[in-house]
Amino acid sequence: MSELVFFSGTMDCGKSTLALQIGHNRSARGLQGVIFTRDDRAGEGRLSSRLGLVTDAVEADETMDLYAYLVAHLSRGARADYVIVDEAQFLAPAQIDQLARIVDDLELDVFAFGITTDFRTHLFPGSRRLIELADRIESLQVEALCWCGARATHNARTVGGEMVVEGAQVVVGDVNQAQGEVGYEVLCRRHHLRRMTSATAQAGALSPDVLPVPREART
Ligand SMILES: [Zn+2]
């Protein structure tokens, strides 16, 4: 039985590395996959991991019908034994339905990798639909850590190291960005709620004014 599997985790938890590893393991057994991605850090049509691995991928823009793409691919006589989707949180809900149809009608395994929640702790629409439709959800075991050492469960968006809570759901950026740029940092829930990034924690440690409660709760 083929299945739709959602591998979920925070940013920086090794999702793309695992996506590449799954592809590698299958190609070592002579299987061929179709890899979709969206807005990868290495640019359009690439799937890259933080460990430096990269492979070609099909850029799944918001207008693409992924099921129709696979049907056209197979009817050209090209091979597809499985499908990998990276950055699946960025897909539209309708595209997740198309992935389910690839599993059910074409009988291919689909492995989707994505972040569950955005920088405001809300589900991405693509991830919500995956949670609704997936046969299996795997929470990734390669755990990212907050600056405090606790398990990082939430994604923070930062500008110049300070956490922001306003803005569009999707702004492409990466962890460890330079000053002034939009970046991301993974935090434990406690420090996400307190809006304490590694930069503000460091600044706070130097200040005699630091209190273990958020600023707004002190008045
Ligand atoms: Zn923490």
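Trainee: Which residue lies over the face of Y67, and at what distance from the ring centre?

Mentor: A charge counts as sitting over a ring if NZ of Lys or CZ of Arg is within 6 Å of the ring centre and within 35 degrees of the ring normal. Here R101 lies over the face of Y67, 3.9 Å from the ring centre. R26 is placed over the face of Y82 in that way too, at 5.8 Å from the ring centre. Keep in mind that this is a predicted model, where local features need pLDDT of at least 70, side-chain atom pairs count only at pLDDT 80 or more, and totals for chains, interfaces and linings use all residues. Residues are numbered from 1 along each chain as its sequence is written, and side-chain values use heavy atoms, with hydrogens and water left out.

Trainee: Which strands does β7 pair with?

Mentor: Strands (E, at least two residues) and helices (H or I, at least four) are DSSP runs, numbered from the N terminus. Two strands pair if DSSP finds at least two bridges between them. Strand β1 (residues 4–9) runs parallel to β7, joined by six bridges, and F7 stands opposite F113 in β7. Strand β6 (residues 82–85) also pairs with β7 in the parallel sense, over four bridges, with V85 opposite A112. From β6 the chain passes through helix α3 (residues 93–106) to β7 in a right-handed β-α-β crossover (strands pointing away from the viewer, the path from the first strand over the helix to the second runs clockwise).

Trainee: Is β7 (residues 109–115) mostly covered or mostly open?

Mentor: Buried means under 20% relative accessible area, exposed over 50%, and partly exposed in between (1.4 Å probe, protein chains only). Strand β7 is mostly covered, with six of its seven residues buried. Among them, F111 has 6% relative accessibility and F113 has 0%.

Trainee: How many aromatic pairs does the structure hold?

Mentor: Rings of Phe, Tyr and Trp (its six-membered ring) pair if their centres lie within 6.5 Å; planes under 30 degrees apart count as stacked, over 60 as edge-to-face and the rest as tilted. The structure holds four such pairs. In one of them, the F7 and F111 rings have centres 6.4 Å apart and planes at 45°, so that pair is tilted. F7 is in strand β1 and F111 in strand β7, so the pair ties together parts 104 residues apart in sequence.

Trainee: What about F7 and F113?

Mentor: Their ring centres are 4.6 Å apart and their planes at 10°, so this pair is stacked. It links strand β1 to strand β7 across 106 residues. Ring pairs join F7, F111 and F113 into a cluster, and F7 is buried at 10% relative accessibility.
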